[in-house]
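Have a go at each task before you read its solution.

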Amino acid sequence: MEITAKSVAELHQLLTEKKISATELVNTYLNRIEKQEPQVKAYITLTGEEALAQAQKVDEKIAQGEEIAPLEGIPMALKDNLSTSGVRTTSASKMLENYVPIYNATVVDKLRQAGAIMLGKVNMDEFAMGASTESSAFFETRNPWNLEYVPGGSSGGSAAVVAAEEATFSLGSDTGGSIRLPASYCNVVGLKPTYGRVSRYGLISYASSLDQIGPLTRTVRDNALVLNAIAGHDPKDSTSHPSPGEDFTESLVNDIKGLKIGVIRDYLTEELDSDIKKITQETISKLKELGAEVEECSLPHSEYALGAYYLISTAEASSNLARFDGVRFGFRAEEAEDVLSMFKKSRAQGFGDEVKRRILLGTYALSSENIDSYFHQAQKVRTLIKEDYRQAFEKYDVLLSSTSPCPVFKLGEKADDSLKMCMTDFHTVTLNLAGLPGISVPAGFSNNLPVGIQFIGKPFAESTLYRVAYTFEQNTEHHQARPALVKGV
Amino acid sequence: MEALERYEMVCGMEVHVELKTKTKIFCNCTTEFGGEENTHVCPSCLGMPGTLPVANKQMVDFAIKTGLALNCEISPYTKFDRKNYFYPDLATNFQTSQFYQPICRNGYLEIEVDGEKKRIGITEAHMEEDAGKLVHGGDSITTSDESYVDYNRAGVPLLEIVSAPDIRSIDEAVAYLEQLVQTLEYIEVSDCKLEQGSVRFDVNVSLRPIGTEEFGVRTEMKNLNSFSSVRRCLEYEIQRQAEILDEGGEVIQETRTWDEGRGVTLGLRSKEEATDYRFFPEPDLMPIIIDREWIESIRKTMPELPAERRERLKSLGLSDYDARVITNSKAMADFFDQAFTKYNDAKNLANWVMGDFSRLLNAKEISVADSPVSPENLAELLILIEKGTISGKIGKTVIEEMFESGKGPEEIVKEKGLAQISDTGEILKLVQEVIEANPQSVADYKGGKGKAIGFLVGQIMKATRGKANPELVNKLLREELDKE
């Protein structure tokens, strides 16, 4: 098997046994990136030189017989909304096209401490608003499985680089499905941790009460290894949870006998794509075969979730994005007459359409005339959805659904229809509203394009999710498939 | 005021107090006043993308303490909200404040005007962040080609204390503010440096015909920073509103600005033009749960409040006036109390503290805290006088010397040989010498001119440079003169 197709765990062994050097590893990736990027277009910024310098240090360490940590020397990519000191961080917006942060996000510091090597920053929907990575101000990223299709979004670049073997793992952020959807569309493993599990310090906010950073990886084990490195309380993020450290790899056992799994009936609608329905059923059969007790369950308030999600997320975004005004950093429009016109012009020229649409919607939902009927109402729905989940989890250990009701779609297919676009989030947003962890794992193919299944866990029960995902992975072969693109390179 | 014979004023205050925490409200930057522009800043208080706030615990402690001092209910569950508006002095273009669930509610402050006590309701007190400062290239933001922002003050914690509309006279308004500032100074939550803007007043006022219940239309004057401005502003605004009402007109509900130089209020923006702040819960901060234990731990640190202190000083024998003067500043009252532990004639101590001690502080323009004379030193001085070691008159010289040199009274008395001569033999000798040297005065005295004795006493005091015990001199002189 080619080096770039290997998992974190396999590469760690090769590095430790000196069968490959970190420098070779980075160079192999950089070569692949150079050859494939004109087609995939996932990287916004490449940091090859720094990566090689870092790799050399890892090699010196290995040469001196020192032990290396599980992620040490492993090449990875970061979504471009994670603040990296000295490395341009754009959020895929013209607003931040030339913005170079002066500080690192907590996850960036943690990964650096763990020895992971950053190859670059990857594309996304502008300010993480979208489901296809088409709203990036710079370029569209293509799905490595079929270049005419989207990689999903908003962490489209993060999923594409793992699928295209242009990084061993990546970090994304998930506000309504932005890790899980692209993971599903690109046949990789994507985890949205419990709200508060991973520090958000340094993540350029979309919607503070929903955002969460998580890993995208080739295998479930890799995912647990990366979560080990980035999880934990951070004094710089008041919403991060003071839970003690946990070794998530301990939950990787190939056994789900007796585990109670609820299939969310409300997501199995008549309109659901037939292939996705079929793959969901096959997954259920497989889990039953492996000894799990699977039955249907209900989240009765599901139909209100998307509405609530769009009101809460845009309301928070309208305030979070107010700081982009041209005064302190980022884009400033020329030829402003006064401070107000500088604000207006900078924002009019700096933001793309989808971002403006959401700021407008959020501003409207918070206005004194509308806050009661929209924002406050949405908060009530949020409480009801949490309650739905609480009740379901009285009976089940894990819930299951397809990650998205929609199959992978073509570039441009939904770009002009935001309503259709937002329907892709139908199965994912409820977790963000309830703060729950969810993982998308490869579960099959439709039209030679990947389909993912999502497992949903109780708060802070990532270990249970990993156990189910690992067992499913160990007993299926979907995750081993490689896109045609990478085979020829 | 003539207008207040026809109309009753209804007034409420919003007071913004800078809390003297070591660090800013949501980051670890210093709150120190001044400093080169944009040096007390970090990614967080500059609102850089991805940064998050972390609430300062000391700020919450101070807010609880203020709430207790103002007889408020402390909310067991309190949250922050965002107030959204665009202005370059706000790094995030929203101010983090408390709108839905403020930390303190339903309190009151007792004031006294012309000997009558009255409670002014405190509707709420909430925590919020201060903004930065704009520095314009020209005269104002509209006429300048360029403006700069200094974010050193951005994120300094403020407590906004909102009173009920219970104030009915200008004297009450000023008494409320004085009493409030004094209380805040006593509980040591703010430096209360009005001249540096660490306390700012927003004044709301309306008029209604005397005898009616319904509130009139109010106006709000923002950002006043002295008691005298509040007084002048209210006088002007009441007159302005009364004139409108007299002519049958309607006052417009609006925010007005107080022009200190011209002594007028000017319309700034009306209710219709008011910004929609789109308040919503700050999602980056967790709610703060304040349990009984926390409140009690703050209560334990609560000092004696001004009113309690006044009563205690009165019980020591001070007049109401003296007690008020001494408790006016906490530092002065502390000085008094400390000296009192060593010297227990409260009335005499008060006379000295309010008299020579205060006079010398003012003359040298130093604060009580920086006084070169310690409370112990003052007490020692008064004990020297009481014991007769020095006279009261010499005492006045000694305290001036104490201010000059910072030395203790005994040391000064010893060095300068100022101790009183109370030796009967020594004084008798002087008396006899003076009698011998001044036959004319002796004759005058014997001829019935009682006043002549004053001259003779003066001669003895002159000879001893004031050190002779005056009572003893008088006594011995009379005895000697009457003998002959």
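**Exercise 1. Find the partners of strand E3 in chain A, and say how covered this strand is.**

Solution. Start with strand E1 of chain A, residues 43–46: three bridges link E1(A) to E3(A), and the pairing is antiparallel. A residue pair to look for here is Tyr43(A), which sits opposite Val122(A) of E3(A). Bear in mind as you look that this is a predicted model.

Next, turn to strand E2 of chain A, residues 75–79. Its pairing with E3(A) is parallel and takes in five bridges. In this pair, Met76(A) stands opposite Met118(A) of E3(A).

Finally, check burial: six of the six residues of E3(A) are buried, so the strand is mostly covered, taking 20 or more other C-beta atoms within 10 Å as the cut-off for a buried residue.

**Exercise 2. Work out which residues of helix H10 in chain A are buried, and where they lie around the axis.**

Solution. First locate the helix: H10(A) covers residues 339–350, which makes 12 residues. From first C-alpha to last it reaches 16 Å, close to the 16 Å expected at 1.5 Å a residue.

Then pick out the buried residues, which are Phe343(A), Ser346(A), Arg347(A) and Gly350(A). Now look down the axis of H10(A): these buried residues fall within an arc of 90 degrees, so they line one face of the helix.

**Exercise 3. Trace the nine-stranded sheet of chain B and identify the strands at its edges.**

Solution. Write down the order first: E2-E6-E7-E10-E1-E11-E12-E13-E14 in chain B, an open sheet with mixed pairing. At the edges stand E2(B), residues 73–74, and E14(B), residues 264–270. Each has a single partner strand, so one side of each is left without a neighbour in the sheet.

Now walk through some of the pairs:

- E6(B), residues 104–113, and E7(B), residues 116–129, run antiparallel and are joined by nine bridges. Tyr108(B) is opposite Gly121(B) of E7(B).
- E6(B) and E7(B) form a hairpin with two residues between them, and Asp114(B) in the turn has a positive phi of about 50 degrees.
- E7(B) also pairs with E10(B), residues 157–163, over seven bridges in the antiparallel sense. Here the bridge partner of Glu128(B) is Leu158(B) in E10(B).
- E13(B), residues 254–259, is joined to E14(B) by six bridges, again antiparallel. Look for Trp258(B) opposite Thr265(B) of E14(B).

**Exercise 4. Describe the side of chain B that touches chain A.**

Solution. Begin with the counts: 28 residues of chain B are in contact with 36 residues of chain A. Then ask which strands contribute: E4(B), residues 81–84, and E9(B), residues 147–150, each supply at least two residues of this side of chain B.

**Exercise 5. Locate the nonpolar cores and explore the contacts of one core residue.**

Solution. The largest nonpolar core has 212 residues, and those with the most contacts inside it are Met76(A), Ala469(A), Ala63(B), Tyr176(B) and Val203(B). Take Tyr176(B) and leave aside neighbours within four places in sequence: Tyr176(B) is in contact with Met13(B), Leu109(B), Ile111(B), Ile120(B), Ser163(B) and Ile167(B).

**Exercise 6. Examine the backbone at Lys18(A), Cys192(B) and Ser154(A).**

Solution. Lys18(A) is not a glycine, yet has a positive phi of about 55 degrees. Lys18(A) belongs to the loop between helix H1 (8–16) and helix H2 (22–40) of chain A. With 10 other C-beta atoms within 10 Å, Lys18(A) is exposed.

Cys192(B), also not a glycine, has a positive phi of about 50 degrees. Cys192(B) lies in the loop between helix H2 (170–186) and strand E11 (199–209) of chain B. Its 21 C-beta neighbours inside 10 Å make Cys192(B) buried.

For Ser154(A), check the peptide bond from Gly153(A): this bond is cis, with omega near 5 degrees. Ser154(A) is in the loop between strand E3 (117–122) and helix H5 (156–163) of chain A.

Terms used:
Residues numbered from 1 in each chain as written. Chains lettered and ligands numbered in written order. Predicted model: local features only at pLDDT ≥ 70, side-chain atom pairs only at ≥ 80, totals over all residues. Helix = DSSP H or I, 4+ residues; strand = E, 2+ residues; numbered from the N terminus. Expected span 1.5 Å × (residues − 1). Buried ≥ 20, exposed ≤ 12 C-beta atoms within 10 Å, placed from the backbone. Arc of directions from axis to C-beta. Contact = placed C-beta atoms within 7 Å. Core = buried A, V, L, I, M, F, W, Y, C linked by C-beta atoms within 7 Å. Pairing = 2+ DSSP bridges.
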